[in-house]
Amino acid sequence: STTTSTTTTSLRESLLQPRTVPIPRWITPRHYSVTLSEVFGHSSFMLVALSYAVDDFLMLRMIAVAGSTSMLVFTYFHPHGRILWLPFKWNVLFIAINSYRI
């Protein structure tokens with residue numbers, strides 16, 4: 001129990017640590033920072049957008065599982081510090097349905 005708590009805490013710290021995005025100065029002189037949790041959130045929405053371009057149902061379901069899994073990480077390790085249980089539970093349901101259909 002203590003080991004699980006320690007692991008979750010260190011994972012939370014790692015996912016919520018701001019990291020500077022290396023953008024070339026000729027594009028912008030500003031420095032942007034992002035957390036890994038935010039990267040999981042953005043990748044989830046990119047996978048959903050990609051799924052609109054897929055004709056094959058098997059591939060669509062595989063992309064949906066990957067996108068929902070990415071959203072699970074984002075909602076559990078949300079940047080505001082609390083778990084978003086409503087979208088977390090819905091995404092678990094979507095993963096279960098799509099995994100069964102695969």
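Is W90 buried, partly exposed or exposed, judged by relative accessibility? Its value is 47%, so W90 counts as partly exposed; the cut-offs are under 20% relative accessible area for buried, over 50% for exposed and partly exposed in between, using a 1.4 Å probe and protein chains only.

Before going further, a word on the model: it is predicted, so local features need pLDDT of at least 70 and side-chain atom pairs count only at pLDDT 80 or more, while totals for chains, interfaces and linings use all residues. Residues are numbered from 1 along each chain as its sequence is written, and side-chain values use heavy atoms, with hydrogens and water left out.

Now to the aromatic rings. Rings of Phe, Tyr and Trp (its six-membered ring) pair if their centres lie within 6.5 Å, and planes under 30 degrees apart count as stacked, over 60 as edge-to-face and the rest as tilted. By this rule there are 5 aromatic pairs. In one of them, the ring centres of Y76 and F88 are 5.8 Å apart and the planes meet at 45 degrees, so the pair is tilted. This pair links distant parts of the chain, with Y76 in helix α3 (residues 57-76) and F88, 12 residues away, in helix α4 (residues 85-101). Helices here are DSSP runs of H or I, at least four residues, numbered from the N terminus. F88 is buried at 18%, whereas Y76 is partly exposed at 25%.

W90 pairs with F94: their centres are 5.8 Å apart and their planes at 35 degrees, so this pair is tilted. Both sit in helix α4, 4 residues apart, which means about one helical turn separates them. F94 is partly exposed, at 38%.

Finally, Y76, F77, W85 and F88 form one aromatic cluster.

How values were computed:
Helices (H or I, at least four residues) and strands (E, at least two) are DSSP runs, numbered from the N terminus.
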